[in-house]
Amino acid sequence: MRIILLYILLSLTLTASADSSKLSQKQFKKDISTVKTNLKASKDLEKSEATLRKYLADSVFSKQKSLHLMLIECLRKQYEAGNEKMYLKQKIDTASILHTNVRQFLAIETFDSIDAAPNSKGVSEPSYRKKHAEYLKPYWGNILKGGIFFFAHSKWQDAWDSFNTYLDCYKQPLFSEAQLDTTQLRFAAFLATMSAYDLSNLTLALKYAEEAIAYAPRKEMTLQRLADICAEKGDTARYVEYLERGNDAFPYSGYFFPNLIDFRVASKDYAKALQCADTALAKDSLNITFLLARHNVLMMMQRYDEALEDGIAMLVINDSLAIPNYNVGCIYYKKAQETMKQTGLSYKQRLKNAQQYYKLCRPYMERYRELMPKDKHLWRPVLYDVYLNLNMGKEFDSLPPL
């Protein structure tokens, strides 16, 4: 009895499935008939596109070439109708026609991959490739122009989609015989990367990063934006990589060298920070930015004698640099304090030796006071001890209260 019941249930299920299939097939025939009528009359094209995409999204129909060809025809008619309106200077949604062009490229590329599938003999013989390539060729540049349009209107996702479609054409078999413009490719890659940056999407930004970097007129900007987005997304390895590449290519940039030094210092990797500064100074030994970076790193490494030498060298070039004045003054101040702690000498001798360092400290700390009067918490304690130990009562009394 149980076997009989299972048989009945199975029969009912198969019957229902068959009926459902017949209904689906019936609806399919009806819908496609309507699409054909619309295509012939060039009407309701957007509705027909939606119908075709609905069936092509179904695995049962996704490989049917006839449906793909109808979709291509539908998009072609939409795009050409839009072009005609533009030519006649009639009112039209520019964004809409640009999107249509992208969709028709993608539709033809999808069909081409199906059409080029190997036959039973393992041979690939795409029958429409040449025809479709010739049709699309005049419109290829319009995708780039569309991307620029969206970019100019800050529509970053639309811009990215357009540039991505344009760049992908360089990899498509459809365009294997086309004359490739390397400059255009790099320009599009640059704009694609900038769009991805504005979308704050690291994955998209990296897709064409190398091609974008190769676009010479905007190489510095590209490397900087790539470094920025890597920092934002926490990709430390790539952040450092782009900083180093940028620093190699643009050593005088106000972005790469300072950020690279800051990163090394923040990571307490003083050895690499110093190496970076030394490499820069090997190319330009009098560059204040490089000297200041090395000077600060040496201070952090507590290599005070070397820092003192660099600080004085900078101040010979420009005595209005606040940080070197402060650091040089502090180094002499520190030496004075260390001298006072020495054993084996009388207090009088220690004070005499320390006073020599206080005298050396004084002009630099006073200069720092002139340059940074609001930093009272930094210069006042030092000058307090300097004036006190040098018996400079007038100057001591003139110090403002904390």
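Before going on: the model is predicted.

Which residues of helix 12 are buried? Helix 12 covers residues 256-266, and the buried ones are Phe256, Phe257, Leu260, Ile261, Arg264 and Val265. Looking down the axis of helix 12, these buried residues fall within an arc of 160°, so they line one face of the helix. After helix 12 comes Lys268, which has a positive phi, near 60°.

Next, the core. The largest nonpolar core has 112 residues, and the members that touch the most others are Leu67 and Met365. Helix 16 (residues 322-340) supplies the largest share of this core, nine residues. Take Leu67 in more detail. If we do not count residues up to four places away in sequence, Leu67 touches Phe28, Ile32, Leu52, Tyr55, Leu56 and Phe61.

Last, Asn389. This residue is found in helix 18, residues 376-389. Is Asn389 buried or exposed? Its relative accessible area is 19%, and the cut-off for buried is under 20%, so Asn389 counts as buried. As for what surrounds Asn389, leaving aside neighbours within four places in sequence, the contacts are Leu351, Gln355 and Tyr358.

Key. Residues numbered from 1 in each chain as written. Predicted model: local features only at pLDDT ≥ 70, side-chain atom pairs only at ≥ 80, totals over all residues. Heavy atoms only, no water. Buried < 20%, exposed > 50% of the residue type's maximum accessible area, 1.4 Å probe, protein only. Helix = DSSP H or I, 4+ residues; strand = E, 2+ residues; numbered from the N terminus. Arc of directions from axis to C-beta. Core = buried A, V, L, I, M, F, W, Y, C linked by side-chain atoms within 4.5 Å. Contact = heavy atoms within 4.5 Å.
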